[in-house]
Amino acid sequence: MTETTTASRETLGFQTEVKQLLHLMIHSLYSNREIFLRELISNASDACDKLRFEALHNDALYENASDLNIRVSFDKEARTLTIADSGIGMNRDEVIANLGTIAKSGTREFFTKLSGDQQKDAHLIGQFGVGFYSAFIVADKVSVLTRRAGEKADQGVRWESDGGGEFSIEMVDRAARGTEITLHLREGQDDLLAGYKLREIIKKYSNHIVQPILMQKEEWKDGKYETLAEDETVNQASALWARSKNEITEEQYKEFYKHVGHDFDDPLAWTHARVEGKQEYTQLLYIPGCAPFDMYDRQARHGIKLYVRRVFIMDDAEQLMPQYMRFVRGVVDSADLPLNVSREILQESKDIEAIRKGCTGKVLGLLADLAENDKEKYTRFWSEFGQVLKEGVGEDFANKDKIAALLRFATTKADTNEETVSLKDYVSRMKDGQEKIYYVTADSFNAAKNSPHLEVFRKKGIEVLLLSARVDEWVVSNLPEFEGKQLVSVAKGGLDLGALEDAAEKQEQEKQADEFKGLTDKIKTSLADKVKEVRITHRLTDSPACLVADEHDMSGNLARLLKASGQKAPISQPILEINPTHPVVLRLKGEEQRFDDWAAVLFDQALLAEGGQLDDPAGFVKRVNQLMLEMGA
Ligand code: ADP
């Protein structure tokens with residue numbers, strides 16, 4: 001794979017995923033080609049931020065030139081475009097790692113999701129982030145010349161590639177620190193070789209960049225532009241978050257988001273505020289429009305950027321946001337923290353705790369506002385990030401009520417899992433006499449919706465929440481009540497419908513319990529250790545039997561979830577409840593010969609109906625066949 005052409009020049013192959021990304025990008029992002037400049041300038045800006053931060057501890061890195069800027073230039077004859085920065089630069093190993101591989105976990109899985117449909121894939125790529133490789137949308141050859149700040153002049157590196165399968169790398173002399181990226185434009189891209197065009201793109205996408213973006217001045221003379229020796233700054237070059245809200249346009253907020261969020265799409269919403277008081281800081285926090293591909297990876301990068309008095313301190317300052325808000329992107333700029341603050345200090349810091357509290361409150365406020373005033377946006381938010389927000393019910397005790405108010409669940413009144421209601425709405429439409437919030441948990445929407453435990457609720461027209469996300473078991477175990485109304489599983493404990501049942505119904509149940517005592521005892525003896533208890537139920541109208549968990553035992557669904565994820569679940573037997581009006585149960589009363597088989601089938605089908613797995617599926621099939629034959633006989 002490695003082929004040496006000169007003393008130090010090597011040709012290396014790209015990581016497979018890079019090849020796929022390059023191919024896709026060139027073909028699917030073509031109609032959006034201008035974004036390459038935004039991406040390269042965004043990287044250049046990050047590189048300047050990094051140098052400024054490292055130089056806080058080591059002034060020598062400036063090499064006596066503390067100017068941090070980004071320069072964009074073009075050469076009409078050579079048909080090249082160059083983006084240069086005076087930032088941190090890269091050494092040889094960094095170049096190979098950064099521009100030859102993709103260092104994001106889950107990359108391989110991501111690529112298996114691509115469909116070949118260009119529009120869909122373009123959208124997915126947006127979630128993935130395009131970055132440096134977007135240069136190949138407009139260029140058929142890219143050269144990178146770079147030297148890490150603080151290294152000797154002979155430690156420069158040249159990287160070159162035509163965007164095919166490989167790149168070359170060699171050591172060169174380079175006096176200036178930082179990175180210079182030269183794009184050799186593809187046929188048909190010559191309109192980019194014009195100052196006004198580049199200025200237009202920079203103003204549109206990169207106006208918010210903090211460092212000055214310099215271009216050579218031009219003058220209109222004798223019917224054409226003439227380039228002058230002087231430079232001028234093309235962008236606004238000030239920290240966007242430090243400006244007052246009324247000076248910032250919607251477009252500017254959105255473009256800034258794409259830079260800090262490394263996102264391709266617009267954000268869904270944002271909140272921008274300057275907080276004064278004991279802690280003084282500015283926050284500009286965004287809710288992305290789409291979940292990133294690695295949202296469930298708790299190690300994923302790109303969260304909140306921390307600044308101290310406009311100086312970039314660190315990316316992904318995870319201490320500034322609770323885990324359950326890991327989808328939030330943006331900037332926090334503190335006026336009080338010391339510049340030499342480290343991740344270790346952040347973990348301990350009381351100041352940071354106060355900032356996190358403030359930021360969390362702001363985001364919850366923003367979400368409550370969307371939920372109230374922009375239902376369509378909130379629905380989008382919920383479908384992208386709802387499952388993550390739910391973690392907060394157990395994680396953030398202080399805000400539990402606020403989070404609970406933001407939750408949305410499907411119910412028995414919904415046709416799809418996407419039709420959801422808030423707990424408040426659920427409570428407001430509870431039936432007369434209903435005192436509790438009822439829910440059922442299962443491993444899919446359909447399993448929940450068709451759960452036999454719902455039969456009596458359906459008959460009485462009582463709405464039940466259908467919980468089918470993994471995290472829902474965690475939610476309900478941490479949320480015993482909402483606004484004074486107890487949350488109760490329909491598959492746990494004895495069913496007490498309170499005032500929803502009349503005296504006659506209750507009397508009837510007691511009578512039946514007596515009447516069936518002989519049968520329930522006999523089934524219990526037959527099933528022995530498989531069940532804790534066998535009793536008559538009034539939960540069922542159509543099914544012969546169902547399983548319920550004892551009041552304080554773990555639900556069957558949760559036990560299965562734990563088992564599936566390799567964790568130990570305490571073994572607790574379920575209670576078998578039988579329907580005294582069902583013909584199968586009635587028949588069982590008179591059964592002698594095959595009683596054990598009937599009892600076993602009754603148990604197994606109750607287990608199947610709630611999504612459980614049979615211990616002995618072949619035995620079940622055999623018994624059912626046997627009983628069918630006998631019935632036919
Ligand atoms: P991302 O910016 O999302 O990490 P990119 O593919 O754009 O992904 O860049 C990969 C890495 O290459 C960056 O994280 C950075 O470390 C490095 N890099 C890119 N451009 C520059 C630059 N101009 N100066 C220094 N490092 C850079």
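This report describes the ligand site, the domains, several strands and a few single residues of a predicted model.

Local features are reported here where pLDDT is at least 70, side-chain atom pairs count only at pLDDT 80 or more, and totals for chains, interfaces and linings use all residues. Residues are numbered from 1 along each chain as its sequence is written, and side-chain values use heavy atoms, with hydrogens and water left out.

## Ligand site

The ligand is surrounded by 13 residues, of which the closest are Asn43, Asp85, Asn98, Gly131 and Phe132; a residue belongs to this shell if one of its heavy atoms lies within 4 Å of the ligand. By class, the shell has four nonpolar, six polar and three charged residues, where Ala, Val, Leu, Ile, Met, Phe, Trp, Tyr, Cys and Pro count as nonpolar, Asp, Glu, Lys and Arg as charged, and the others, Gly among them, as polar. Helix H2 (residues 35-55) gives the most to the shell, with four residues; helices (H or I, at least four residues) and strands (E, at least two) are DSSP runs numbered from the N terminus.

| Residue | Ligand atom | Distance |
|---|---|---|
| Asp85, polar side-chain atom | nitrogen | 2.9 Å |
| Asn98, polar side-chain atom | oxygen | 3.3 Å |
| His262, N or O atom in the side chain | oxygen | 3.2 Å |

On its own the ligand has 540 Å² of accessible area, and the protein covers 85% of it; accessible areas come from the Shrake-Rupley method with a 1.4 Å probe.

## Domains

The domain assignment, which is automatic or taken from a database, gives domain 1 (10-233), domain 2 (240-379), domain 3 (408-495) and domain 4 (500-632). Domain 1 and domain 2 each supply at least three residues to the shell around the ligand. Taken over C-alpha atoms, the centres of domain 2 and domain 3 are separated by 34 Å.

In strand E15 (residues 329-334), six of the six residues are buried, where buried means under 20% relative accessible area, exposed over 50%, and partly exposed in between, with a 1.4 Å probe and protein chains only. In a regular strand the side chains alternate between the two faces of the sheet. In E15, Arg329, Val331 and Asp333 point one way, and Gly330, Val332 and Ser334 point the other way.

Strands are said to pair if DSSP finds at least two bridges between them. Strand E12 (residues 281-288) runs antiparallel to E15 and is joined to it by six bridges, with Leu284 standing opposite Val331. Strand E13 (residues 304-308), by contrast, runs parallel to E15 and is joined to it by five bridges, and here Ile304 has Gly330 as its bridge partner.

## Strand E24 and its partners

Strand E24 (residues 575-578) directs Ile575 and Glu577 one way and Leu576 and Ile578 the other way, and all are buried. Four bridges connect E24 with strand E22 (residues 533-536) in a parallel arrangement, in which Ile575 is the bridge partner of Glu533. Four bridges also connect E24 with strand E23 (residues 545-548), in this case antiparallel, and Cys546 stands opposite Glu577.

Glu551 belongs to the loop between E23 and helix H19 (556-564), and it counts as partly exposed because its relative accessibility is 47%. The C-alpha atoms of Glu551 and Lys492 are 5.6 Å apart, although the two are 59 residues apart in sequence.

## The six-stranded sheet

An open sheet with mixed pairing is formed by six strands in the order E17-E16-E19-E18-E21-E20. Its edge strands, each pairing on one side only, are strand E17 (420-421) and strand E20 (481-482). E20 runs antiparallel to strand E21 (residues 485-489), with two bridges between them, and Glu481 has Gln486 as its bridge partner.

Glu483 is found in the loop between E20 and E21. Glu483 has a positive phi of about 45 degrees although it is not a glycine, and it counts as exposed because its relative accessibility is 51%.

## Other single residues

Glu63, in the loop between H2 and strand E3 (70-75), is likewise not a glycine and has a positive phi of about 50 degrees. Glu63 is partly exposed because its relative accessible area is 29%.

Leu406 is placed in helix H12 (residues 400-406) and counts as buried because its relative accessibility is 3%. Between the C-alpha atoms of Leu406 and Ala135, which are 271 residues apart along the chain, the separation is 41 Å.

Methods. Polar contact = N/O pair within 3.5 Å; in protein donor to acceptor, adjacent residues only side chain to side chain.
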